[in-house]
Each structure stands twice: as C-alpha cells, then as structure tokens.
Amino acid sequence: MSVTRRHFLKTGLALSVSSAAPWAFASSVEDYMLFGAWQRQRSYGAGMLDASLQHATDLVTRGHHIEIINDNEAWLFARRPSSYMLRVNWRTGQVLTRYIYDSTRTGFGHGIMSADGLLLTTDQRLDDDAGLLTIRDGRTGEVRQEFLSGGIGPHELLMMPDGIHVAIANGGVLTRPDSGRTKLNLAHMQPKLTVVNRYTGEITQQAQLDDARLSIRHLAHLPNCAIGIALQYEQVSGNAAVPVAAIWQADTGIKLLAMQVESLNRAQGYAASAASDGLSYFAVSCPKANAVMIWTAQGQWLLTLNVPLAYGLAAMPQANCLAVSSENGRVYYFDTQTWHEKTTQRQTFDVQWDNHLIAHRRG
C-alpha cells in the first residue's frame, strides 16, 4: 500500500503529530485482538480474527457492529434494518443470548455497553418511524427504557466521557423491514447529531448540516469531547464531490473537513466507517476511492492511504497502529507515526469484511 500527499509532507508533520502521544505503556499489535463481521459467498459470520476464523458465530443475515463486553463475551449486531442481536462467547462462538425484536421495533446495527453493565442500542419504532435510544439489560437485551434519539435512522452511538450522555448519529434515512434497505425519504432527509441524557432522555445538544443529503452515519471520539463524523452523501444519481467527514464540538456545532481535491473526487461522497486514537488523528474509510482519508484530530487534512476496498477501521493507540479491513478479505496494518504499512503483518482471509473492525486489548 502506498502513501500519497508527497510522502506525508516528507514525514515531518507525521513526526510532530505522533510525538504528542506520550503513551505510558507502549504495546505491540500482538497485544490487541481484532473482531469483525463478514460474508463468505452466501453465508455470514462474525467473531475474532484468528488464522482460520475458527471461533466464529454463524449469522442468518449480514452482521455489522461488535461490542466487546469483557474478555469472554460480546454482543453481535445485524446490519440494519435488523431483527435480532446476539450475546456470544467470542472465544468459542457459542450463542449465549438471542434477542429477537418484536413486530413493533427494528434495530440499526449498533450498540454500546455502559460502565454499569447496561446495553444501549439504536432502534426504530415502526408505527411512526421514530428513532430510539434503547436502554437494555446487558445480558438479556430486554428493554428497560426507551428515549427518542432526536431523528430518523439512528445509527452509531458513542458514550460521552461523563458516562451520562450519549452521542447519536441520526442518519436521516428512512428504511423499514418490509422494504429492506430501500431508502424511502431521500427528498426529505434531516440528518442530525444529537446528544441524549441516557437517564432522562433529555436531548442536550443537536446539530445539523446545511446539506440535508449528507447523512451522518459513523462516529469516533476526538480530544476535548469532540466527535469525528463519517458521512455518506445520498445522491440520486452520478458521483458527488462532497466532503466525507466532519467534526462536531459542543460550542461550534458540525464543521465539514477539507480534503485534497483529488481525494475529494475519488471518495464519491461515501465514507464507510470512522476511527481515531483519541488524540492525534481522525480517519475515515472510503471504499469507492480505494482509500483511507486521514486528518489530524483537530481536523487538518493530512493524507490519503491507498487501500483497495477499505471498509473497517480499528485504532490500536498503544501500538501506534491503525488496522484496515477490506472487502477483498485483507487486513492491513499502518504505523501511525510514519503512515507506512506494516507489510509483514498483512493478513488475507477468504471473506468480504463488513464496515466495522473492532480492536480489544488483551488482558
């Protein structure tokens, strides 16, 4: 894989950025485990990436996000609109809990665990298409409370550093189980980033972009409670040269991020996922561009990593590494100090990876 943008400004900026990351306990890539969902011909699975994916959990539909609970368990989420989620032993692939949505709700592929052991998911109420933040039992998935997410089509959610508020990417795109993934409201989209109190349901922050076709889908934590946003432009036809990333801050709202013109054109308005080490960089994957786009954590454009069919991203900050999964089955590892690929660690699997790649530190 090659690095563009004049060898990352001749590596000078890379060194200045990475030197700001004083990790107290450095580790290697081998100190992390990676998890993902995949498709192999007409079968689906999810689990830990080992040499043969031998500890996989079989899925009846395509998987999406994986939320690690502890050193043995995880929640697996199906791609939206979804009818189920699974709590599994990821060491063996055994299903421990199978939660099935009733006919009044559908899932949107994402969930997070709270420090007090609850599972928070993004869902849709089907009688009025309202987006929901659902508070669930962390072991059974049973609903304890439901709050409005503040928009239609809620997707990824992040716990804010205070442990009280949740940031939600309301994509603004209406889909329903009876019509599959058909987008039903492209002429009337209203994507919003909202921040919701998980105890009371109060929406304490809400932000929108001027262009209602820029759907807010995936999120990553940035310094000082800021959030990096991966965007997907819902064009009717043709290729859109529009930004694929933005940063939200509570005091300034959402700011679109500038890109090199060539990279902007290549991306075609589509970012599949987002990742950050929480300190120095923000990345989004752009499979239509065969690339990963990189900014500083403050939103300054840095460079493009050329990665065929890039989808999932996983930051491994204490190893100074960013992992990238590809639809061609490969997993690439990049040194985030030089942005060179660790070619000896590249892996190839007989699968197509989904949008998300999850890193979990051993021990």
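Me: How many residues are in the hairpin that joins S4 to S5?

Reply: First, the ground rules. This is a predicted model, where local features need pLDDT of at least 70 and side-chain atom pairs count only at pLDDT 80 or more, while totals for chains, interfaces and linings use all residues. Residues are numbered from 1 along each chain as its sequence is written, and side-chain values use heavy atoms, with hydrogens and water left out. Strands are DSSP runs of E, at least two residues long, numbered from the N terminus. The hairpin from S4 to S5 passes through four residues.

Me: In what sense do S4 and S5 pair, and over how many bridges?

Reply: Two strands pair if DSSP finds at least two bridges between them. S4 (residues 63-68) pairs with S5 in the antiparallel sense, over four bridges. Gly63 has Ala78 of S5 as its bridge partner.

Me: Which strand is joined to S5 by five bridges?

Reply: That is S6 (residues 84-89), and the two run antiparallel. Phe77 stands opposite Met85 of S6. S5 and S6 also form a hairpin, with five residues between them.

Me: Are the faces of S5 covered or open?

Reply: In a regular strand the side chains alternate between the two faces of the sheet. Buried means under 20% relative accessible area, exposed over 50%, and partly exposed in between (1.4 Å probe, protein chains only). In S5 (residues 73-78), six of six residues are buried. Glu73, Trp75 and Phe77 lie on one side, with Ala74, Leu76 and Ala78 on the other, so both faces are covered.

Me: Is His110 buried or exposed?

Reply: His110 belongs to strand S8 (residues 105-113). His110 counts as buried because its relative accessibility is 2%.

Me: Which side chains make polar contacts with that of His110?

Reply: A polar contact is a pair of N or O atoms within 3.5 Å; within protein, one must be able to donate a hydrogen and the other to accept it, and residues adjacent in sequence count only if both atoms are side-chain atoms. The side chain of His110 has such a contact with the side chain of His64 at 3.2 Å, and another with that of His218 at 3.5 Å. Contact in general means heavy atoms within 4.5 Å. Beyond four places in sequence, the contacts of His110 include Phe77, His155, Glu156 and His356.

Me: How many disulfides does a search of the whole structure find?

Reply: A disulfide is a pair of cysteine sulfur atoms within 2.5 Å. The search finds zero. For Cys286, the nearest cysteine sulfur is that of Cys321, 19 Å away. Cys286 is buried, at 0% relative accessibility, whereas Cys225 is partly exposed at 43%.
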